[in-house]
Amino acid sequence: MAIYDQHMHTYFSPDASEMFEEYLKQTTGPIVTTEHLDFHDCYNGGQDTVLNYVAYSAKINQLNEQYDKRIRKGIEIGYTKESHQQINEYLNGKVFDVQLLSVHQNGIYDFLQPIVKEKKAADVMDEYFTLLLAALENFSTANILSHFDYGIRLFDVKVTDLQKYQVTLKAVLQKVIENNMAFELNTRSMYQYGNVTLYEQMISWYLELGGASFSLGSDAHSIADYGFHFDEAIALLKKYGVSTVTIFEKQRAKEIKIGTFKDSTIKIK
Ligand SMILES: [Zn+2]
Ligand SMILES: [Zn+2]
């Protein structure tokens, strides 16, 4: 099997412009895109970022005729308590292969906005991990917890700092397990934002708690980041004795042996 990157965006997300056809060229296997759903999107001036499901499905159906049904449908749900009902109403009756659960904002600002840098890392961690736990408690039907460290990407956080929040973070991981979700290794967080050691800590807590389901996602917004550093992420999982990664089809989990997960002929930038 070729690289299966379970977190990518196309022009159906407002912050990306990549085409499905370009992603299809990166692999001979299936692809999935996970487009944004963020109500009151602080990153987008407070507008609702809503995936046009009809257009998205129509485009995928059309390309699937041409490309041997290789494209799957996904969505990245940006959770806030305030938008819970809107999210449910949106999802009602729509079919996705995979739903990512993300926390991007606190209702006032997105955690990648410059204002966050003016705050104390400790306060932001406290707030962000609490929001993450609430998202998992309130929205248990998604398939993957994305980028657990999104809220702290702007800070240089050490493992010892992270460990101060272990009660909350272990509760987060426990919820991932209870909800039958997979824990995402967000390779841009790990290898672009330099948070690989934080991920290692989370992996070891997750395994201790009995977690076994991992997803690999680059969070690519263009093909330049497709399968970003997957080699290293796979090596890391192997180091922790993990032998499978989880992919979702029609929201059903499927375990793929890590050795067959990736086609080494595919170039990683
Ligand atoms: Zn995200
Ligand atoms: Zn994303």
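Q: Which residues point one way from E3, and which the other way?
A: Ile-71, Lys-73, Ile-75 and Ile-77 point one way from E3, while Arg-72, Gly-74, Glu-76 and Gly-78 point the other way. Buried here means under 20% relative accessible area, exposed means over 50%, and partly exposed is in between (1.4 Å probe, protein chains only). Eight of the eight residues of E3 are buried, so the strand is largely enclosed by the rest of the structure.

Q: Before we go on, what sort of model is this, and how are things numbered?
A: This is a predicted model, where local features need pLDDT of at least 70 and side-chain atom pairs count only at pLDDT 80 or more, while totals for chains, interfaces and linings use all residues. Residues are numbered from 1 along each chain as its sequence is written, chains are lettered from A and ligands numbered from 1 in the order in which they are written, and side-chain values use heavy atoms, with hydrogens and water left out.

Q: And what counts as a strand or a helix?
A: Both are DSSP runs, numbered from the N terminus: helices are H or I with at least four residues, and strands are E with at least two.

Q: Back to E3, then. In which sense does E3 pair with E1, parallel or antiparallel?
A: Strand E1 (residues 31-41) and E3 pair in the parallel sense, over seven bridges. Two strands pair if DSSP finds at least two bridges between them. Ile-31 stands opposite Ile-71 in E3.

Q: How many bridges join E3 and E4?
A: Five, and that pairing is in the parallel sense. Gly-74 has Val-98 in E4 as its bridge partner.

Q: Where do the two histidines, His-104 and His-147, sit in the chain?
A: His-104 is in the loop between strand E4 (98-102) and helix H4 (121-138), and His-147 is in the loop between strand E5 (144-145) and helix H5 (159-163). The pair is 43 residues apart and links distant parts of the chain. Both His-104 and His-147 are buried.

Q: What does Glu-76 bridge?
A: Glu-76 bridges the zinc ion (ligand 1) and the zinc ion (ligand 2), which lie 3.4 Å apart.

Q: New topic: how many salt bridges does the count come to?
A: Eight, taking a salt bridge as a side-chain nitrogen of Lys or Arg within 4 Å of a carboxyl oxygen of Asp or Glu. One of them joins Glu-249 and Arg-72 (3.4 Å, N to O). That pair links distant parts of the chain, with Glu-249 in strand E8 and Arg-72 in strand E3 (residues 71-78), 177 residues apart.

Q: Are those two ends, Glu-249 and Arg-72, buried or partly exposed?
A: Glu-249 counts as partly exposed because its relative accessibility is 25%, whereas Arg-72 counts as buried at 15%. Arg-72, Glu-249 and Lys-254 are linked in a network of salt bridges.

Q: Last stop, H6. Which residues in H6 are buried?
A: Leu-169, Val-172, Leu-173 and Val-176. Seen down the axis of H6, its buried residues fall within an arc of 90° (taken from the directions from the helix axis to the C-beta atoms), so they line one face of the helix. Their cover includes H4, E5, H5, strand E6 (182-186) and H8.

Q: Which side chain does Lys-175 meet in a salt bridge?
A: Glu-178, at 2.9 Å, N to O. Lys-175 and Glu-178 are separated by about one helical turn because they are three residues apart in helix H6 (residues 166-178).

Key. Donors are N, O and S atoms within 2.8 Å of the metal (3.2 Å for Na, K and Ca); water is not among the atoms, so sites may look incomplete. Contact means heavy atoms within 4.5 Å.
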